[in-house]
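Subject: Handover of a structure and notes on its fold

Dear colleague,

Please find the structure below, followed by an account of what was found in it.

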Amino acid sequence: MSLVTIRPSGRSFDAAAGTTLLAAILAADESIRHNCDGKATCGTCHIFVQQGRKGVSKIGSLENEKLDSIVGVGSKSRLACQATVLGTEDIEIELLGFSSGF
Ligand code: FES
């Protein structure tokens, strides 16, 4: 179990190991686009993991490929549908709004 904090809302909640960040965000009633429903093909669920990056799964090849095609990607970028909570440390993520992911 990890404590996940979402910016900018500041909402915090517990997320079980194995939960994707997308599922955690949606369960917290936060708004995030996820046009391809978690297939790593749309990039609309792009977020920044501001803290606790070791507390989420490593970037896989599908996610890496998609991130390479997105403008505004940085070292903290993840696709929320591909990053899963490991339960080893608390996590802070930043939602980027609708201007990112294309
Ligand atoms: S929902 Fe499409 S890449 Fe994550």
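What share of the contacts in the chain with a separation of 6 or more is accounted for by residues 24 or more positions apart? The share is 71%, where two residues are in contact if their C-beta atoms, placed from the backbone, lie within 7 Å.

Two remarks on conventions come before the details. The model is a predicted one: local features need pLDDT of at least 70, side-chain atom pairs count only at pLDDT 80 or more, and totals for chains, interfaces and linings use all residues. Residue numbers start from 1 along each chain, as its sequence is written.

Overall fold

The chain contains two helices and five strands, taken as DSSP runs numbered from the N terminus (helices: H or I, at least four residues; strands: E, at least two). In sequence order the pattern reads β-β-α-β-α-β-β. The radius of gyration is 12 Å, close to the 13 Å that the globule rule gives for 102 residues, so the chain is as compact as a globular protein of that length. That radius is taken over C-alpha atoms, and the globule rule is 2.2 Å times the number of residues to the power 0.38. The C-alpha trace spans about 30 × 25 × 25 Å along its principal axes. Of the 102 residues, 30% are buried. Here a residue is buried if 20 or more other C-beta atoms lie within 10 Å of its own, exposed if 12 or fewer, and partly exposed in between, with C-beta atoms placed from the backbone.

The sheet

The five strands form an open sheet with mixed pairing, in the order S2-S1-S5-S3-S4; two strands pair if DSSP finds at least two bridges between them. S2 and S4 (77-79) stand at the edges with a single partner strand each, so one side of each is left without a neighbour in the sheet. On average, neighbouring strands of this sheet are turned by 35° against each other, direction ignored. For this angle, axes are lines fitted to C-alpha atoms (for helices over the stretch in contact), and angles run from 0 to 180 degrees between N-to-C directions.

S1 (residues 2-7) and S2 (residues 11-15) run antiparallel and are joined by five bridges. Their hairpin has three residues between the strands, and Gly10 there takes a positive phi near 80°. Pro8 also lies in the loop between S1 and S2, and the peptide bond that joins Arg7 to Pro8 is cis, with omega about 10°. S1 also pairs with S5 (residues 91-95), in the parallel sense and over four bridges; Val4 has Ile91 as its bridge partner in S5.

Leu3 belongs to S1, and its bridge partner in S2 is Asp14. With residues up to four places away in sequence not counted, Leu3 touches Ser12, Asp14 and Asp90. Leu3 has 14 other C-beta atoms within 10 Å and is therefore partly exposed. Between Leu3 and Thr88, 85 residues apart in sequence, the C-alpha to C-alpha distance is 9.8 Å.

The nonpolar core

A nonpolar core is a set of buried Ala, Val, Leu, Ile, Met, Phe, Trp, Tyr and Cys residues joined through C-beta atoms within 7 Å. The largest one has 20 residues, of which Leu21, Leu22, Ile25, Cys45, Ile47, Ala80 and Ile93 touch the most other members. At least two residues of this core come from each of S1, H1 (21-27), S3 (46-51) and S5, and H1 gives the largest share, four residues. Ala80, apart from its neighbours within four places in sequence, is in contact with Thr20, Leu21, Leu22, Ile25, Ile32, Cys45 and Ile47.

Loop residues

The loop between H1 and S3 holds Asp37 and Ala40. Asp37 is not a glycine, yet has a positive phi of about 60°; with 10 other C-beta atoms within 10 Å, Asp37 is exposed. Ala40, likewise not a glycine, has a positive phi of about 65°, and its 18 C-beta neighbours inside 10 Å make it partly exposed.

Asp68 sits in the loop between H2 (61-67) and S4. Asp68 counts as exposed, with 9 C-beta neighbours inside 10 Å. The C-alpha atoms of Asp68 and Gly43 are separated by 10.0 Å, the two residues being 25 residues apart along the chain.

With kind regards
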